[in-house]
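Q: Could you take a close look at the aromatic rings in this one, and walk me through what sits around them?

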Amino acid sequence: MKNNNNSHTVVIGWLYPQLMSTYGDRGNILVFKKRCEWRGIKVDIIPIDQNTKNSVIQSIDLLFGGGAQDLEQNIVMKDLQTKKRNICSHVDSDKPALFVCGAPQLMGEYYEPSVGKRIEGLGIFAMKTVHPGPSDDRLIGNVIAKMTNQTMLASDSLPLSTDYIVGFENHGGRTFLGKKATPFAKIIKGYGNNGKDGTEGVMYKNAIGSYLHGPLLPKNPFIADWLIEKALSIKYNKDISLIALDDSLSQMAQESILSKMRITE
Ligand code: GLN
């Protein structure tokens with residue numbers, strides 16, 4: 001069923017907007033909102049912070065978490081561990097989620113910050129992240145990656161013209177995926193998860209973890225559509241595909257980035 005009516009609502013949970021919003025990650029929320037509104041889908045954005053009860057997570061259709069510095073991650077993780085464990089059930093019940101940079105580090109098994117003690121994660125993603133310390137180089141720069149995840153590639157919401165994603169990364173943590181983890185994409189230019197094994201991000205069920213800021217979704221809006229479609233299909237218990245939007249501007253932006261970095265289709 002093609003969706004273009006105002007009887008549907010997506011409830012978006014935004015994890016710790018005050019503590020976790022680096023490098024324009026708020027732009028991802030704007031993309032979710034506008035792409036729903038342009039199709040007549042209502043959007044309710046719920047900021048989730050230390051005052052939000054665990055039970056509120058149950059009402060969320062689509063979850064988003066952005067980047068953060070180590071200090072903020074520590075504060076957030078204490079709250080996640082004690083009061084937000086429903087995030088695990090959200091992901092386990094196939095509801096979609098997007099976690100960027102600092103957020104997926106907290107959804108993995110653990111994050112060892114630059115200074116201080118190991119922070120235990122929620123264990124949603126089978127991966128570990130270690131920051132080598134303040135004197136080591138951060139992994140910074142523009143990124144081009146090719147989507148490799150079969151769940152994403154099989155979807156009708158992806159453009160036929162490209163399976164590239166573009167973005168910007170800035171992280172000290174090096175993430176290593178466990179045997180059971182599936183990467184989100186394969187690095188063409190940039191560092192990705194650790195600068196060594198060519199993997200970028202992680203995917204478990206309908207949850208995506210990615211190091212790409214930029215923010216990610218304005219540059220790669222088909223990812224937003226994929227997540228919105230999953231949210232609606234699960235909420236209304238039927239297959240819903242979104243009507244197409246005019247994405248010529250973002251396509252031109254992506255083509256320009258690819259050609260600047262000398263990638264030709
Ligand atoms: N603090 C983390 C790191 O440096 C995350 C940084 C970020 O979210 N940009 O690895």
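A: Let's start with what counts as a charge over a ring: NZ of Lys or CZ of Arg has to be within 6 Å of the ring centre and within 35 degrees of the ring normal. Keep in mind that this is a predicted model. With that cut-off, Lys146 lies over the face of Tyr164, 4.6 Å from the ring centre. Arg118 does the like with Tyr110, sitting over the ring face at 3.5 Å from its centre.

Now for rings against rings. Searching the whole structure turns up 2 aromatic pairs. Take Tyr23 and Phe168: their ring centres are 6.0 Å apart and the planes make an angle of 70°, so this pair is edge-to-face, given that anything over 60 degrees gets that label. It's a link between distant parts of the chain, with 145 residues separating the partners. Tyr23 is in the loop between β2 (9-15) and α1 (26-37), while Phe168 belongs to strand β10 (residues 164-171). As for solvent, Tyr23 is partly exposed at 34% relative accessibility, and Phe168 is partly exposed too, at 24%.

Then there's Phe99 with Phe125, an edge-to-face pair at 6.0 Å centre to centre and 80° between the planes. Phe99 sits in strand β5 (residues 97-100) and Phe125 in the loop between β7 (119-120) and β8 (127-130), so the contact ties together parts that are 26 residues apart in sequence.

Methods:
Residues numbered from 1 in each chain as written. Predicted model: local features only at pLDDT ≥ 70, side-chain atom pairs only at ≥ 80, totals over all residues. Heavy atoms only, no water. Phe/Tyr/Trp six-rings, centres within 6.5 Å; stacked < 30°, edge-to-face > 60°. Helix = DSSP H or I, 4+ residues; strand = E, 2+ residues; numbered from the N terminus. Buried < 20%, exposed > 50% of the residue type's maximum accessible area, 1.4 Å probe, protein only.
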